[in-house]
Structures are given as structure tokens and as C-alpha cells.
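Dear colleague,

Please find the structure below, handed over for your review. My notes on selected parts follow directly after it.

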Amino acid sequence: MEIFDKMKEFDHEQVTFCFNEEAGLKSIIAIHDTTLGPALGGTRMWNYKNVENALHDALRLSKAMTYKSAIAGLNFGGGKAVIIGDSAINKSELLFRTFGKFVDGLAGRFIAAEDVGTDVKDMEFARMETKYVTGISKAIGGSGDPTPVTAYGVYVGMKACAHEKWGSDSLNGRKVAIQGAGQVAKHLIEYLFNEGAELFVTDIDEDKVKKIGELVKVQPVKPDEIYEIDAEIFSPCALGAIINDETISKFKFEIIAGGANNQLEDEVKHGNKLLKKDILYAPDYVINSGGLINVANELEGYRQDRAMKHAEEIYHIIKQVIKKSKAEKISTVEASNKIAEERLNNISKIRNIYSGFSSYSGRLGELTKR
Ligand code: NAD
């Protein structure tokens with residue numbers, strides 16, 4: 001494996017390999033781009049088959065974080081850490097405190113949060129060794145559960161799509177098919193129910209649907225039937241790669257707006273297929289950026305009202321993405337990628353001006369001393 005070739009392929013700034021035998025730590029921290037600020041991203045613990053797979057995941061996910069931060073209007077760069085190991089059996093205080101030590105060594109270039117395979121408790125161990133950790137519990141001054149903010153962002157993003165399709169952002173009477181009845185979906189369902197939407201919900205865990213059904217009126221659906229529901233909106237809130245050749249052929253939906261990550265099996269191919277079918281797709285990393293907004297908010301001293309206010313901006317960001325997609329006749333994913341890249345390019349110009357000035361003034365200081 002040629003690491004520098006991989007870094008060049010994804011356009012990375014820095015990759016750090018962290019190893020400590022006693023703690024059983026094998027970790028890779030990938031910093032993709034710090035144009036906007038320190039790299040912020042989750043820490044994924046996964047039993048990767050080999051180091052190549054772990055590195056690939058760290059590079060791919062950290063690049064995605066650069067785009068997510070950029071489009072959400074945050075001043076953070078893209079980063080991701082992966083820890084190689086089985087999260088069910090290899091976790092310990094020592095492991096995460098050792099990981100925290102390595103994060104601290106990066107002196108703020110990377111800020112860690114939780115992700116698949118890690119939780120608040122793990123991040124709190126890391127936090128004992130470094131201040132560069134976010135997403136800790138409310139009890140110790142953190143932002144706690146991000147799902148209410150994520151769900152709110154999905155809700156307003158869905159309304160922006162409705163406005164675009166039907167000239168009104170009201171979801172009253174609209175049929176919405178929701179895949180997953182987990183944390184994000186639970187809050188989203190509450191917003192949609194209160195607005196008078198008709199809800200069709202599925203989960204592989206039927207009990208979760210039942211529990212939600214005790215609180216609000218929902219129609220339970222079998223997991224493999226969700227793609228064919230005669231609803232106007234589809235909201236994937238479970239897992240990735242569910243928008244593919246097979247499922248697209250079944251869709252009668254007019255809008256897809258959900259919280260799940262990596263919904264498109266192939267970003268380019270399936271983004272374009274949805275465009276051709278005139279299905280309005282809210283890019284996942286834009287509409288679900290409330291989670292990132294929430295942990296970013298913690299770094300300024302957490303206030304949920306401020307996080308919610310920022311998440312509300314997702315409405316306008318989705319509108320902006322749709323406008324560009326229409327004007328340039330490109331998929332919404334391509335449009336959002338372009339908007340993120342434009343922001344990065346613009347801000348990098350300011351950074352160049354700044355560094356030019358500081359080196360000049362430095363030299364000037366030396367000259368005036370003589
Ligand atoms: P969760 O684990 O609480 O919920 C996911 C649910 O999906 C579970 O109830 C699970 O049983 C169900 N599920 C799994 N496979 C399914 C299938 N084939 N059909 C139907 N249901 C299935 O997770 P969550 O925190 O609600 O997150 C949901 C999605 O949103 C994930 O993709 C996550 O990466 C993404 N996301 C979450 C946040 C956040 O703040 N939690 C932020 C951004 C993105």
C-alpha cells in the first residue's frame with residue numbers, strides 16, 4: 001500500500017497512525033482539510049479486516065466531514081479517527097485514554113467525537129487526557145444526545161423540499177414513509193405527526209414501531225415493503241446504500257429526505273437516476289448535518305436553543321442546493337458538493353492573504369529592529 005498515493009487520491013493533509021500495545025490501540029486519525037478550522041469528526045471502532053480497509057474508511061469518511069462542515073456553514077475541517085478492534089469486546093478505559101493522549105498530541109488539529117462503535121462514555125475517557133473531544137454528556141457540560149437536533153434539521157430540510165415541489169412547506173396530510181424507528185426517526189415522527197402528516201413506519205425491530213405507535217398514530221409496514229409504499233415522501237432513517245438500482249425502480253415517491261448516512265449506493269449514478277425520475281433528493285450529508293452542528297456547538301459552550309437555530313438553517317441550505325441543481329441541471333448531490341467546494345475555495349483565498357500578511361509583518365519586524 002502506498003500511503004502517500006492514497007492521501008493524494010483523497011487530497012489529504014495529514015494521516016497519523018497511533019499504536020500502543022499495552023492499551024491494545026491501533027488507530028488512524030485522518031485530517032482531510034483544515035481550511036475552515038480544526039478537523040472535527042467521529043471516532044469509529046470497527047473490526048477492520050486489514051489496515052488498508054481501516055485507512056480507506058478513515059480517508060473516505062474524513063473527506064465527507066470536510067464537505068458536511070463546509071455546507072453547514074461551520075468553521076471546522078474534516079477529520080475522522082478509526083480504531084481497529086471489536087467494540088463489543090476490546091473497549092477499555094485504557095484504550096480510550098491512550099487514544100485521547102494521541103489526540104492531544106495533535107494539539108487541536110483534530111477534535112474527536114463519537115461514531116459507530118463508540119459512545120459518550122468512551123469519549124469521556126478520551127476527554128480525561130485531552131480537551132479536544134466533543135459530544136460528551138450534558139451532566140459534565142457537554143451537548144448530550146444529538147438526535148433531537150439531527151431530527152429537527154431533517155424535518156426543516158423535508159419542508160424545504162415540500163415547498164420546492166408543491167409551493168407550500170406544509171406537511172399536513174402528506175404521506176411520509178419512514179425507514180427505521182430509532183433515535184432520529186423517533187423525534188422526526190413527533191414533528192411530522194404534530195403537523196398532521198400520515199405516517200408509514202418500518203423497522204427490523206417491530207417492537208420499536210409498536211412503541212412509537214402507542215404515542216402517535218403510525219401505520220406499521222414490513223421492512224421490505226417500505227420502498228413500494230404509495231407515499232409522497234420517503235425518509236430513510238436507518239442504514240446506508242438503500243437507494244440503488246433495485247429500490248429506485250420501485251419508488252413512487254416525489255421527495256426523499258431522511259437522516260441516514262450514505263443513502264446512495266453510488267453517489268453519481270444514483271443521484272443522476274433520481275434526477276431523471278424527477279424525485280427530489282435532499283443530500284444526506286446536508287439534511288442530517290444537525291448532529292454535527294450539535295457537537296460543534298458544544299465547543300462554544302453548549303446551548304440547545306442555539307444549536308436548534310443553526311439547524312433551522314438547513315431549510316435555506318437545502319433550498320440553495322435545489323436552486324443550483326435546477327440552474328445547472330445537475331443532481332442535488334453534485335450541487336451540494338459544488339457549493340461546499342466553492343466555500344472552501346473562497347475561504348482558502350482569505351487564508352492565503354492572512355499568511356502572506358503575517359510573514360511580511362514578521363520580516364518587517366525584523367527589519368525595523370536592525
Ligand atoms: P438508531 O440505531 O437509533 O436507529 C436506526 C434504526 O434502524 C434501528 O431501530 C434499527 O433497528 C433500524 N434498522 C436497521 N436496519 C433496518 C432495515 N433494514 N429496515 C428498517 N429498519 C432498520 O440510529 P439513529 O441514531 O436513529 O441514526 C439513524 C441514521 O441516521 C444512521 O444512518 C445514522 O448514521 C444517521 N445519523 C444519525 C445522527 C444522530 O444524531 N444520531 C446524525 C447524523 C446521521
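Phe234 and Phe253 are both buried, where buried means under 20% relative accessible area, exposed over 50% and partly exposed in between, with a 1.4 Å probe and protein chains only. Please note that this is a predicted model, in which local features need pLDDT of at least 70 and side-chain atom pairs count only at pLDDT 80 or more, while totals for chains, interfaces and linings use all residues. Residues are numbered from 1 along each chain as its sequence is written, and side-chain values use heavy atoms, with hydrogens and water left out.

Aromatic pairs

The structure holds 8 aromatic pairs. Rings of Phe, Tyr and Trp (its six-membered ring) pair if their centres lie within 6.5 Å; planes under 30 degrees apart count as stacked, over 60 as edge-to-face and the rest as tilted. Tyr152 and Tyr155 form a tilted pair, at 6.3 Å centre to centre and 35° between the planes. Both tyrosines lie in helix H5, 3 residues apart, about one turn of the helix. Helices (H or I, at least four residues) and strands (E, at least two) are DSSP runs, numbered from the N terminus. Tyr152 has 15% relative accessibility and therefore counts as buried; Tyr155, at 12%, counts as buried as well.

The ring centres of Phe234 and Phe253 are 4.9 Å apart and their planes stand at 15°, so this pair is stacked. It links distant parts of the chain, 19 residues apart: Phe234 is in strand E9 (residues 233-236), and Phe253 is in the loop between helix H8 (245-248) and strand E10 (255-256). Together with Tyr227 and Phe251, Phe234 and Phe253 form one aromatic cluster.

Packing of H5 and H12

Helix H5 (residues 147-166) packs with helix H12 (residues 304-312) at an angle of about 25°, their axes being 9 Å apart. Axes are lines fitted to C-alpha atoms, for helices over the stretch in contact, and angles run from 0 to 180 degrees between N-to-C directions. H5 and H12 are therefore roughly parallel to each other (angles under 35 degrees; over 145 is roughly antiparallel, 65 to 115 roughly perpendicular and the rest oblique). The contact (heavy atoms within 4.5 Å) involves Pro148, Val149, Tyr152, Gly153 and Val156 of H5, and Gln304, Ala307, Met308, Ala311 and Glu312 of H12.

Asp11

Asp11 lies in the loop between helix H1 (3-10) and strand E1 (14-20). At 57% relative accessibility, Asp11 counts as exposed.

Yours sincerely
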